[in-house]
Amino acid sequence: MTHSFPSFRHAFRFWALLLALLAPAAARADEGMWLPLLLKQLNEADMQRKGLKLTAEDIYSVNRGSLKDAVVQFGGGCTGEIVSNEGLMLTNHHCGYGQIQQHSSVENDYLTNGYWAMTREQELPNPGLTATFIVRMEDVTGQVLQGIPAGMAEAERERTVQQRSAQVAQKAVEGTHYRAFVRPMFGGNEYYLFVTEVFEDIRLVGAPPSSIGKFGGDTDNWAWPRHTGDFSIFRIYAGPDNKPAPYSTSNKPYQPRHYLPISLGGVQPGDFTLVFGFPGRTTEYLTSWGVDEVYAASDPARVKVRDAKLRILDEDMKASDKVRIQYAAKYASLANYWKKWIGEMRGLKRLNATARKQQQEQQFRAWVAAGDATRQAAYGQILDQLEQQYRLVRPYVLARDYTTEAALGVELVAYANSLQNLIDLIQNKAPQAELATAIGKARTGTSNFFRNYSAPTDQKVAAALLPLYTDGTPAELLPDYVKNLRKQNANAAAWTRFAADLYTRSKLTSNESAQKVLDELAKGNAQPLLQDPAYQLASAVVSTYRSKVLPVYSTATDQITLLQRTYMAGLRQWQPERKFYPDANSTLRVAYGQVAGYEPADGVQYEYYTTLDGIMEKADPTNPEFEVPPRLAELYQNKDFGPYAVNGTVPVAFTATNHTTGGNSGSPVINGRGELIGINFDRNWEGTMSDIMYDPDRVRNITLDVRYMLFVVDKYAGAGHLVKEMKLVNVPGQAGSASGASDQKIKKQKVKVKRKKAEAN
């Protein structure tokens with residue numbers, strides 16, 4: 001028998017991988033979403049070694065203006081940055097998409113054509129939109145946890161923590177216009193206070209057409225190379241005292257404590273980058289059972305449902321401009337995480353994430369076993385208990401996902417469920433004034449709902465999603481009402497007939513008929529709603545979820561939370577030399593890294609930048625995702641790039657190693673001198689598992705180069721007055737410009753494919 005042996009290179013990779021698995025997990029290069037308050041003690045030296053020219057005080061300070069004062073939470077789920085002394089704010093096009101849609105109609109289609117306010121009077125108000133600054137943050141762990149015994153029941157502990165957190169927050173802002181909240185860190189081992197200033201008058205200033213702002217569409221989403229001009233421009237307005245005020249024509253542009261200068265100096269590999277923003281949620285310290293739940297149960301279920309729904313929406317949106325506008329924001333939201341979850345599953349599989357977590361758990365068990373009685377008492381059973389709870393909760397996780405994604409993914413069912421509180425008020429004989437107030441809110445909500453609703457489209461969605469709900473939910477957790485439906489509707493044709501009958505008989509499929517149902521409810525007559533088939537379906541789904549699924553799910557997840565908190569404390573005790581960062585929870589964080597390309601697969605290498613050349617290479621007039629506006633093509637043809645040109649083209653986007661997640665959309669990407677060099681708008685598909693496990697070789701954040709943003713605003717839109725409002729530094733041709741060295745390295749974008757020499761075994 002002939003034996004073959006691996007080459008030295010392959011052997012080296014094998015042992016490197018083995019050592020990586022055996023070594024205790026640690027925050028590796030550029031991993032982490034750090035609390036600005038703690039940068040001085042944890043990160044300043046490392047950041048400065050990598051190219052930061054500032055101090056931690058320049059980034060976060062309560063005594064003077066700092067970078068944090070130019071960063072806002074935009075709405076509830078994105079980030080924005082201030083770029084002028086008159087409150088001009090940048091964020092992503094996809095972050096402002098809902099506002100752009102609300103201002104759009106078939107007659108004034110700002111989604112398709114873009115919008116540019118040429119005067120302050122043309123800046124459009126956005127009711128309900130907010131911009132939130134962080135005034136200060138503080139460690140209040142002692143105040144929140146003082147006197148709470150270790151063995152307190154989780155539900156009681158949570159009530160106590162919430163009560164104390166509310167008291168701490170209230171005391172912190174007494175006598176001020178500020179707001180405050182307290183958030184847990186490290187699974188509830190620590191608590192931090194955030195004092196905020198929330199502005200309510202936010203106006204749309206500019207947005208490129210979707211052919212720029214969404215160029216590449218779903219095809220390029222979560223992908224690199226990327227050529228999307230993903231930005232929109234808003235302005236914060238304040239009252240005469242420069243404090244938050246409701247919308248008023250007499251409000252003035254906000255005067256910030258700090259705004260970001262914009263660098264035209266460009267980037268090159270190895271340049272320091274800082275992302276400042278509000279990352280939404282990560283779970284970096286999950287156990288192997290938690291990772292497996294995401295990888296093998298939750299992600300596959302959610303992808304399956306959204307895949308079916310997106311196909312239907314896409315077909316109807318292409319067939320009708322009205323439906324396209326109605327569902328533009330909904331589709332984008334659904335598609336975004338649908339593709340992210342697909343990439344996340346692939347990334348977790350490639351990293352062998354479950355096995356790596358298991359290896360860490362084995363090492364943790366060994367550390368516990370080698371310890372004294374106190375250590376063994378504290379942590380000896382923790383992993384076994386976590387495994388037990390995860391096994392218990394798995395069917396309920398599936399029931400949760402199929403209920404929320406499939407059953408309530410049918411808009412008619414979700415809308416019908418939203419009226420449940422009115423039934424409760426009537427049946428509980430609530431005072432007439434209380435009922436009238438609730439009816440008034442329901443009328444407004446109903447009108448808003450039907451403005452962006454197509455019953456024929458939703459009927460198709462129901463025919464596709466309801467069987468997924470009935471088949472995917474464990475049988476014992478389905479309502480009897482739905483079990484009967486499953487018996488009666490054994491195939492797709494039967495579900496199509498059921499949906500047609502449902503939408504024909506329901507009075508909740510149009511604004512007019514739904515308002516008539518509300519008329520009856522206002523009189524105290526609940527029967528029209530109780531007898532509506534859509535309400536009956538929604539009531540069966542939700543009542544069963546609340547009675548059969550939620551109690552067990554909540555109890556198990558409460559136990560997992562308690563156990564995870566203990567495990568987290570154990571991890572920090574086991575690895576005292578490690579710098580731990582708390583999981584993201586929509587609070588202000590700093591991520592830092594360096595400009596870099598990457599190798600997504602064997603034999604493929606990606607450059608770190610893209611250019612306008614790549615847009616023209618992708619241009620396809622037959623594909624709506626890759627249409628190029630005539631004006632942009634004209635500018636390209638004439639090489640009319642203004643001061644934003646680099647070697648006969650315009651830089652569009654670049655990649656770096658910053659650790660980001662949802663919520664970082666719109667975050668400023670800042671160089672070592674504190675200047676804006678880009679707007680974060682995505683991650684690469686190969687790196688989407690970084691919410692659970694970071695891979696320094698492949699995780700990259702994708703950034704819109706500010707020079708492309710300025711080029712679009714100035715040369716494409718002719719809105720040069722906005723550029724004049726910004727402070728540009730390192731401008732090519734100016735004395736003392738620092739731009740030349742990196743700019744000269746920009747060449748025509750291309751993806752390099754390496755053909756690696758085969759190695760004989």
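Q: Where in this predicted model is the place of Pro225?
A: Pro225 sits in the loop between α10 (217-220) and β10 (232-238). This is a predicted model, so every value here is computed.

Q: What is the peptide bond from Trp224 to Pro225, and what is its omega?
A: The bond from Trp224 to Pro225 is cis, and its omega is near 10°. For context, most peptide bonds are trans.

Q: What is the phi of Phe186, and where is Phe186 found?
A: Phe186 has a positive phi of about 55° although it is not a glycine. Its place is the loop between β7 (179-185) and β8 (190-199). In general, most residues other than glycine have a negative phi.

Q: Why is Phe186 called buried?
A: Buried means under 20% relative accessible area. Phe186 has a relative accessible area of 7%, so Phe186 counts as buried.

Q: Why does Asn647 count as partly exposed?
A: Partly exposed lies between buried, under 20%, and exposed, over 50%. Asn647 has 46% relative accessibility, so it counts as partly exposed. Asn647 is found in the loop between α26 and β18 (651-656), and it has a positive phi of about 50° although it is not a glycine.

Q: Which residues of helix α26 are buried?
A: In α26 (residues 630-638), the buried residues are Leu632, Leu635 and Tyr636.

Q: What puts these residues on the same side of α26?
A: They cover an arc of only 100° around the axis, and that places them on the same side of α26. As a general point, an α-helix has 3.6 residues a turn, so residues three or four places apart point the same way.

Q: Which exposed residues does the face of α26 turned away from its buried side carry?
A: That face carries Pro630, Gln637 and Asn638.

Q: What do the buried residues of α26 pack against, and what follows the helix?
A: They pack against α9 (210-213), α25 (612-618) and α27 (706-716). Lys639 follows α26, and the phi of Lys639 is positive, near 55°.

Q: At what angle do the axes of α26 and α27 cross, and what makes the two helices roughly perpendicular?
A: Their axes come within 11 Å and cross at roughly 100°. Angles of 65 to 115 degrees count as roughly perpendicular, so α26 is roughly perpendicular to α27.

Q: Which residues of α26 and α27 meet, and how do they divide by class?
A: Arg631, Leu632 and Leu635 in α26 meet Tyr708, Phe711, Lys715 and Tyr716 in α27. By class, this contact has five nonpolar, no polar and two charged residues.

Q: Why does Tyr327 count as buried?
A: The cut-off for buried is under 20% relative accessible area. Tyr327 has 2% relative accessibility, so it counts as buried. Tyr327 is found in helix α12 (residues 321-351). Among the residues that Tyr327 touches are Gln101, Leu313, Met317 and Glu411.

Q: How do you know that β1 pairs with β2?
A: Two strands pair if there are at least two bridges between them. Four bridges join β1 to strand β2 (residues 78-82), and the strands run antiparallel, so β1 and β2 pair. Val72 stands opposite Gly80 in β2. In the hairpin of β1 and β2, which has three residues between the strands, Gly75 takes a positive phi near 65°.

Q: How many bridges join β1 to β6, and how many join β6 to β8?
A: Two bridges join β1 (residues 71-74) to β6 (residues 131-139), which run antiparallel. Eight bridges join β6 to β8, which also run antiparallel. Ala131 in β6 stands opposite Phe74, and Ala131 stands opposite Phe199 in β8.

Key. Residues are numbered from 1 along each chain as its sequence is written. This is a predicted model: local features need pLDDT of at least 70, side-chain atom pairs count only at pLDDT 80 or more; totals for chains, interfaces and linings use all residues. Side-chain values use heavy atoms; hydrogens and water are left out. Buried means under 20% relative accessible area, exposed over 50%, partly exposed in between (1.4 Å probe, protein chains only). The arc is that of the directions from the helix axis to the C-beta atoms. Contact means heavy atoms within 4.5 Å. Axes are lines fitted to C-alpha atoms, for helices over the stretch in contact, and angles run from 0 to 180 degrees between N-to-C directions. Angles under 35 degrees count as roughly parallel, over 145 as roughly antiparallel, 65 to 115 as roughly perpendicular and the rest as oblique. Ala, Val, Leu, Ile, Met, Phe, Trp, Tyr, Cys and Pro count as nonpolar, Asp, Glu, Lys and Arg as charged, and the others, Gly among them, as polar.
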